[in-house]
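Keep the picture in view as you read.

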Amino acid sequence: MHFRGLLAAAAVLGLLSIGVWFSNKAEKEKEGKPAPDAPPKIVEIPSDSVSKVEIAKGGATTVLERGADGKWSLKAPKEFRADQEAVTTLVNTFNSLASDRLVDEKGNPADFGLVNPSMTVTVGKKEGPPVKLLFGDETPTGGGVFAKLDGDPRIFIIASYNRSSIDKGFADLQDRRLVTFDGDKVTRIEMTLKGKTVEFGKNAQNEWQIVKPKPMRADGAAVDDLVRRLKEAKMDAPAGLGDEAAGEAAKTAREFASAAAVATARVTDAAGTHTLEVRKAKDATYYAKGTAVDGAHKITADLGDGVSKSLDDFRQKKLFDFGWNDLSKVEVKDNGAVRAFAKDKDNWKEGAKELDSTSVQSLIDKMRDLSAASFPDAGGGSPVFEASAAWSDGKRSEKVIVSQAGDNFFAVREGEPAVYRIDKQAFEDLRNAAKDVKAPAPPAKDEKKK
C-alpha cells in the first residue's frame, strides 16, 4: 500500500509539472503580443528610420527632413532651423500610435470627413514606401477624431491628445534660439556692457575668471547664469510667413536700430564665435539680433534684464574661496595678537589645547560669509586684522588682510591687487567670532555622586 501511494503521488507530481510547462510555454508565446482587448495599432515606425515628415492642414504644408548628420531641418513653407527636441517628440509619436478603437472594417470615408481630410501626415522612411495618415471629423461625443491610413479601408478613432501631438506647424517646430552654442564647451565670453568690455575665461581648475579689463576673481554662479541666459535666448514670437510677417520684420528692424545698446555678447565654443546684440527702446521693450537667425527680434524683459549687467555684477564678492571645503588650519591676527587653530582628526586644537568645535565653526562661517559691499579703486588706513585658511592638506591656502580708515574697512587678498570694501558690522562679527574661540565647557557633574 505504501508503494502504491508513492506511485500515485509521483503521477500527480508529473501531471502538475506538465501543467506548469504548458502554462509557461503559453505565457512565452503571449510575450510580445498585444492583449486581445488592446486597441489596434495604426502606425509603428521606429524613430531612427523616419527620414521625412510632411504635415498638411489648412492649405499649408510643413516639411521636415533629416540630414546626413541626423539633425532635422524645416524645408517648407520656408527653410528654417528646426527645434530638435520638438521634432524628436513628434517623430517618437510614430513609434507606436494606437487608436482608441476600430470603428469600421470597411467604412465609407465620406461619412467620417476623410475624403477631404482636416490634416494629412506623411511619414517618409529610410527604407520602404511612405506612410500617409488621414485625419477627419471629430467624434460626436468629443475627445477623439476619425482617422485612417491611406490605402487601408479601416476607420479608427484616435484620441484628441494623440492628434495634438502630431498637429504641428511651421511655428511649432522652429528653433527660435538667437544663438546656438554648446554650453558645456564654452571657453570664452566677451561682453560689451555699457560701453565697457568684460572678458571671461577658465582657469586651470576650470573656474571662471575675469580676464579683461584686468584679471579679477569672477562669481562663477553669475557667469554660469549668464551662459544659461544666452543659451536660452529666443525670439519672443516665432518667425512668420507672408507679406504681413515681412512688414512686421521691417518694423522691428527700425525699432531695433533706434533703440539704445544694452549689451553685446560674443560666446566662443568649439564651433566658433556666436554673437548676440541686445538693445532697449524707450518704452522698455527689448530687441536682439543673433548670429543664428536673420533680422532683429523682440525678446522678453527677463532676458533683456538678465544681460543688462555691469562688471561688478560678475565679480566674486566673497573674500575667501574655500567655500565648503574641510579646512585643516585657521589663523587670525588681531592688532598683533596671533591665534592658530589646527584640525586634529575630528577635533580643533590651539597648540596642544583642545577647543570647542562649535566656536571654531562659528569663526569659519564668518570667514566664509565675509563679502564685499563694493569694489573701490583704492583702499586706505592701516592693517588691523588678518585671517588665513588652509585646506587640501595644506596644498591650498589664502589670507585676507583688513585695514581700517575711520569707519571704513577695506580688505585685500594676499597676492591680489583688488580692494574690497566690507561693512563695519561684518568685520566686527568676524573679529568677535575669532575672540570667542574657546576651550570646551567642562563636563557636567553627576548629581548622584554628591
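## The buried side of α7

In this predicted model, helix α7 has six residues to look for on the inside: Ser359, Val360, Leu363, Ile364, Met367 and Arg368 are buried. They count as buried because each has under 20% relative accessible area. You can find the helix at residues 357–369, a run of 13 residues. From its first C-alpha to its last, α7 reaches 18 Å, close to the 18 Å expected at 1.5 Å a residue.

What do the buried residues of α7 pack against? Their partners are the strands β20 (327–334), β21 (337–344), β22 (347–350) and β24 (382–391), together with helix α8 (424–435).

## How α7 meets α8

Two packed helices can be described by the angle between their axes and the distance between those axes. For α7 and α8, the angle is about 160° and the axes lie 8 Å apart. Angles over 145 degrees count as roughly antiparallel, so α7 is roughly antiparallel to α8. The crossing of α7 past α8 is left-handed.

Which residues make this contact? On the α7 side they are Ser359, Ser362, Leu363, Lys366 and Met367, and on the α8 side Asp429, Leu430, Ala433 and Ala434. Sorted by type, the residues of this contact are five nonpolar, two polar and two charged. Notice that Ser359, Leu363 and Met367 of α7 are buried and also take part in the contact with α8.

## Two cis peptide bonds

Now turn to the backbone. The peptide bond leading from Ala76 to Pro77 is cis, and its omega is near 10°. To spot Pro77, look in the loop between β4 (72–76) and β5 (80–81).

Another cis peptide bond links Lys212 to Pro213, with omega about 10°. Pro213 sits in the loop between β14 (208–212) and β15 (216–217).

## Two residues with positive phi

Asn206 is not a glycine, yet its phi is positive, at about 65°. Look for Asn206 in the loop between β13 (196–202) and β14. Is Asn206 buried or exposed? Its relative accessible area is 55%, so Asn206 is exposed.

Lys345 is another residue other than glycine with a positive phi, here near 60°. Lys345 lies in the loop between β21 and β22, two strands that the buried residues of α7 pack against. With 76% relative accessibility, Lys345 counts as exposed.

Conventions: Residues are numbered from 1 along each chain as its sequence is written. This is a predicted model: local features need pLDDT of at least 70, side-chain atom pairs count only at pLDDT 80 or more; totals for chains, interfaces and linings use all residues. Side-chain values use heavy atoms; hydrogens and water are left out. Helices (H or I, at least four residues) and strands (E, at least two) are DSSP runs, numbered from the N terminus. The expected span of a helix is 1.5 Å times one less than its number of residues. Buried means under 20% relative accessible area, exposed over 50%, partly exposed in between (1.4 Å probe, protein chains only). Contact means heavy atoms within 4.5 Å. Axes are lines fitted to C-alpha atoms, for helices over the stretch in contact, and angles run from 0 to 180 degrees between N-to-C directions. Angles under 35 degrees count as roughly parallel, over 145 as roughly antiparallel, 65 to 115 as roughly perpendicular and the rest as oblique. A crossing is left-handed if the near helix is turned anticlockwise from the far one by less than a right angle, and right-handed if clockwise. Ala, Val, Leu, Ile, Met, Phe, Trp, Tyr, Cys and Pro count as nonpolar, Asp, Glu, Lys and Arg as charged, and the others, Gly among them, as polar.
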